[in-house]
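Student: I've got this model open and I'd like to go through it with you. Can we take it piece by piece?

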Amino acid sequence: MKAITIPEPGGPEALVWADVPDPSPGPDEVLVDVRASAVNRADLLQRQGLYPPPKGAPPYPGLECAGVVSALGSEVTGWEVGQPVCALLGGGGYAERVAVPAGQLLPVPEGVDLAEAAALPEVACTVWSNVVRLARLGSAETLLVHGGGSGIGTFAIQLGAALGATVVTTARAAKHDRLRELGAAHTIDYSTEDFPEATKKATGGRGADVILDIMGGAYLGGNVAALARGGRIVVIGLQGGRRGELDLAALLAKQGSVAATALRSRSAAEKAEIVRGVRDEVWPLIGSGAIRPVVDRRVPMDRAAEAHRVVETNDHLGKILLTVP
């Protein structure tokens with residue numbers, strides 16, 4: 001089979017579509033013939049040599065995929081050869097085939113085509129596990145989503161709105177109209193506005209109950225300033241750096257909390273538990289049309305370098321799919 005390999009870390013040109021050995025499923029795994037994968041920020045870091053895959057994962061990038069089951073491990077039940085599926089992966093989605101732990105498989109949601117389903121597993125599992133399971137977003141609360149135009153952002157906006165929360169998001173002004181269509185009640189241009197002040201203005205001075213942050217260090221102080229009393233900050237990315245100054249007095253005054261999580265490094269059992277929660281609580285919202293995959297464009301997988309360049313510019317909205325040629 002063919003897969004995207006990284007012979008040497010570097011820029012997008014480091015991605016090479018090459019012949020690699022075929023995978024075979026272990027006893028509790030399912031072999032999936034991949035139809036599409038999707039680009040995530042972690043893939044860019046892996047390409048640069050900054051984010052190696054977890055032990056036992058395939059060496060190729062790709063944290064999610066959609067395709068068709070082609071073989072079952074000896075201990076697998078509940079899935080059938082020929083069944084369309086999508087999957088959360090530790091790696092290996094940029095390939096023609098991938099072996100997936102059965103607990104990380106999901107059916108293709110009703111009303112979603114097979115390639116589009118590749119845009120869902122990573123964002124759905126990340127957003128649900130942080131916003132719902134960890135931060136416990138309530139229907140009468142306000143959710144602040146940083147990077148609203150990203151794959152994570154577009155999904156979080158929709159999920160927050162579907163749960164009845166008021167959603168505030170930061171993004172470039174050119175993306176605001178589309179983000180309001182997805183369910184954002186208030187949009188903030190981070191390049192010209194002070195997001196803590198804009199958040200407080202949008203909430204009548206109260207602030208955000210839950211903040212989903214992809215920026216990390218650069219936004220830590222601002223997030224505390226934007227937080228409502230009893231609010232929860234969840235950091236899931238470090239695009240703004242890994243270090244920041246935390247005013248503990250300000251956090252104490254608001255009785256707030258800060259948590260940080262990563263999905264890729266979790267155990268197979270933890271991932272399977274998250275996948276079950278997503279299937280039970282999020283997949284019905286997708287089936288009803290309350291949440292839809294947001295796809296900026298589709299790029300053939302052998303042109304993955306082109307897709308990585310687009311993501312690096314931040315000019316896209318939603319996910320970029322890589323389709324198997």
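Student: Which residue in β10 does valine 168 stand opposite?

Tutor: Keep in mind that this is a predicted model. Look across to β10, and the residue standing opposite valine 168 is histidine 186.

Student: What is the strand order in the open sheet of six strands?

Tutor: The pairing in this open sheet is parallel. β10 (186–189) and β13 (257–260) each have a single partner strand, so they stand at the edges, with one side of each left without a neighbour in the sheet. Neighbouring strands are turned by 15° against each other on average, direction ignored. Reading across, the order is β10-β9-β8-β11-β12-β13.

Student: Helix α3 packs on the sheet, so what angle does its direction make with that of β8?

Tutor: Helix α3 covers residues 151–162 and touches β8 (142–145), β9 and β11 (208–213). Angles here run from 0 to 180 degrees between N-to-C directions. For α3 and β8 the angle is about 175°.

Student: And which strands does helix α5 lie across?

Tutor: Helix α5 is residues 195–202, and its direction runs at about 160° to β10. The strands it lies across are β8, β9, β10 and β11.

Student: Back in α3, is glutamine 158 buried or exposed?

Tutor: Glutamine 158 is found in helix α3. Leaving aside neighbours within four places in sequence, its contacts are Leu182, Ala290, Ile291, Arg292 and Val294. The cut-off for buried is under 20% relative accessible area. Glutamine 158 has 6%, so the call is buried.

Student: How far apart are the end C-alpha atoms of helix α8, and what should its residues span?

Tutor: Helix α8 takes in 14 residues, 268–281. At 1.5 Å a residue they should span 20 Å, and the end C-alpha atoms agree with that, being apart by 20 Å.

Student: Which residues of α8 are buried?

Tutor: Start with what lies over them: the cover includes β5 (84–88), β7 (105–107), α2 (121–134) and α9 (283–287). The buried residues themselves are Lys271, Ala272, Ile274, Val275, Gly277 and Val278.

Student: How many salt bridges does the count come to?

Tutor: One of them joins glutamate 306 and arginine 303 at 3.0 Å, N to O. There is also a network of salt bridges linking Asp22, Asp33 and Arg97. By the rule of a side-chain nitrogen of Lys or Arg within 4 Å of a carboxyl oxygen of Asp or Glu, the count comes to 15.

Definitions and conventions: Residues numbered from 1 in each chain as written. Predicted model: local features only at pLDDT ≥ 70, side-chain atom pairs only at ≥ 80, totals over all residues. Heavy atoms only, no water. Pairing = 2+ DSSP bridges. Helix = DSSP H or I, 4+ residues; strand = E, 2+ residues; numbered from the N terminus. Contact = heavy atoms within 4.5 Å. Expected span 1.5 Å × (residues − 1). Buried < 20%, exposed > 50% of the residue type's maximum accessible area, 1.4 Å probe, protein only.
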